Amino acid sequence: MHASPVITVEALQHAFGTGEARAQVLFDLDLTLRRGELVVMKGASGSGKTTLLTLLACLRRVQQGRVDVLGTSVETADEAQRVRLRRRMGFIFQAHNLHPALSAIQNVRLGLELHGGELTQPWQEAAAHALDMVGLRDRHGYLPKNLSGGQKQRVAVARALVGNPDLVFADEPTAALDAEAGGRVLDLFEALALERGTTLLVVTHDQRVIDRASRVVTLADGRIVDDRTRTPQS
Amino acid sequence: MTYLLEILLRRLPVGWLQLRHRKGRLIAAIAGVAFACLLVFFQLGFLGALTTAVGLPYQKTSADLIISGAGTRTLQDGANIPRQVMLDALSVPGIAAATPLFVGTLRLEGVNTTDLALTVFGANPSALAPFWDADIAAGAERLRQADTVLLDKKSRFLDPALRERVENGPPLMFEANKRQLALAGSFAIGAGFESDGYAFVSDQTFLRIFPDRSARAPNHVLVRLSAGVDAQQVLAALRAKLDVPGVLVRTVADARSGEQAYQTVERPIGVIFGFGAIMGIMVGLVIVYQVLSTEVSDHIREYATLKAIGYRNRYFTSVVLEQAVILAIGGFVPGALVASLIYSALADTTGLPLGMTLDRAMSVVVGALVAAILSGLFAARRVATADPAELY
Ligand SMILES: Nc1ncnc2c1ncn2[C@@H]1O[C@H](COP(=O)(O)OP(=O)(O)OP(=O)(O)O)[C@@H](O)[C@H]1O
Ligand SMILES: [Mg+2]
């Protein structure tokens, strides 16, 4: 049983710099991600994980090869089309990147408001619910500077998930989290994949995440060297 | 405030939240904009006072036309013109009356704590009623006595005690230009930039105070038209009749706006005030641009994050403009309040017609908004340097 593909990559190459300084970091990559998959990507430092992530997330221009995301050819898409694609994605950055002047709930609301509409009340309620889901029920009004590293990371998770994205990209989302908070975020990831068919691509070396992934892709020197689909061990 | 802006903008007021987050910077920025607004108010206030003050004496006359020496820019500097001009004018159809007007400076010394310099008009007492407002014309009979004067009770620096005596009328003796003069009555015009106020004497008294002036050479000739005639037609006829070099014929309204333009645009005093207003605008522009562009570079990482999750450039522009408008309004309100206070304090001490007007407040607030929005659009261009690819 194979769900429909949401990301298809064919013969993807990527290089930084030009001339003498040119360094190729991705070589001839093929990859298909399907609906409802919780994919972990691992590999040595410098193997190209972040580069691949930013290409799939339409944050970086495709140089060579084909990348198809949610039915749109990214390599030929213009900026407006790429923005439209990104609005269907959730992003969890290595550094949480919360807005320091905005409270937790206001930061989460930013993940909703871009979808337009003029319904500030539902925004507020949805943001509150998303914070409750990551275990921050009593921290809605806190500024980021008054939250711990793990709490900030969870606000970032809530911001990424509040808009019900079709795709979630995360770079080391659980590194700052203790067992309980990390487990809670993983529960959310799993539930999203199973119940909503969200596809999650998580770059991590965290064994807790790897244990619950439906698929583990290993990168080495810009090539996929291992790709195994597994039954998650609950 | 946050809630109000949220309703207005229909989104989180991110610009306001950012500004509020750095209270010190916000207060400094608002103080700066307030200062810039104050500077502009101050300069515009003086230009307005100058314009109003210059117009005051013109408003007291019911003359339609004024004949002056060529090159005359102000009521005070009118070069002498031959009295014959008046007689020539009277022969032009449509002209009902004409009268000479002498202008000099009357120095009141020793009567007041501050010595006063008044612009004094010498006029034929029987011409006061047809050519000047009622409060001036009322003193015509008493002016026929030699060495009597009508004084401006709104003169600047008048001691309260003296002001009261001037208002109450004669008897009051005082010395001016080394002569003993007697008060004959009072009227109201007000202080100007060139003199502390005004005075009226008869033409005879004028010539006694200024012995080097001649009855045959007044400074101006005031002209009244017959009812129902066309001023421009008579003006043309009069110009043709007086076709001699050295004579300038204008309507009183033109003479007034001409002097107002001259005082505010050509004289150093007006130029200084105009330059000050431009300085204020520049100061405001620089402050707002500095603050807004620092705001953008301080938050470039947050903006990159928002770009990554799908916000477009127009969103960031609206955040920067939100901040620009907050700074403009936030600076304008205290600036306008302080300006009103300074206006009334200065009006009290200088006797100049200074005051806050709705017109001026509107132009300053619109100017502040336009300047802030321009700065904001300029600063918003820096958001383009936010690159979401560098975030992971
Ligand atoms: N903007 C850039 N300009 C030039 N080279 C870059 C740039 N970004 C990444 N690289 C290079 O590309 C290679 C792959 O980097 P990438 O960040 O994708 O690795 P990674 O697998 O995410 O490593 P890590 O686990 O340390 O995060 C590295 O050798 C890096 O030096
Ligand atoms: Mg990386």
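Predicted model: local features only at pLDDT ≥ 70, side-chain atom pairs only at ≥ 80, totals over all residues.
Me: Why is the pair of B:Phe102 and B:Phe206 called tilted?
Reply: The planes stand at 35 degrees, and the centres are 5.4 Å apart, so the pair is tilted. B:Phe102 lies in strand β2 of chain B and B:Phe206 in helix α9 of chain B, 104 residues apart. Helices (H or I, at least four residues) and strands (E, at least two) are DSSP runs, numbered from the N terminus.

Me: Why is B:Phe102 called buried?
Reply: Buried means under 20% relative accessible area, exposed over 50%, partly exposed in between (1.4 Å probe, protein chains only). B:Phe102 has 2%, so the residue is buried. B:Phe206, at 0%, also counts as buried.

Me: What makes the pair of B:Tyr315 and B:Phe316 edge-to-face?
Reply: The planes are 85 degrees apart, with 5.6 Å centre to centre. Both residues are buried.

Me: How do you know that A:Arg223 sits over the ring of A:Phe27?
Reply: The test asks for NZ of Lys or CZ of Arg within 6 Å of the ring centre and within 35 degrees of the ring normal. The charged end of A:Arg223 is 4.3 Å from the centre.

Reply: Residues are numbered from 1 along each chain, and chains are lettered from A in the order written. Local features need pLDDT of at least 70, side-chain atom pairs 80 or more, and side-chain values use heavy atoms.

Conventions. Phe/Tyr/Trp six-rings, centres within 6.5 Å; stacked < 30°, edge-to-face > 60°.
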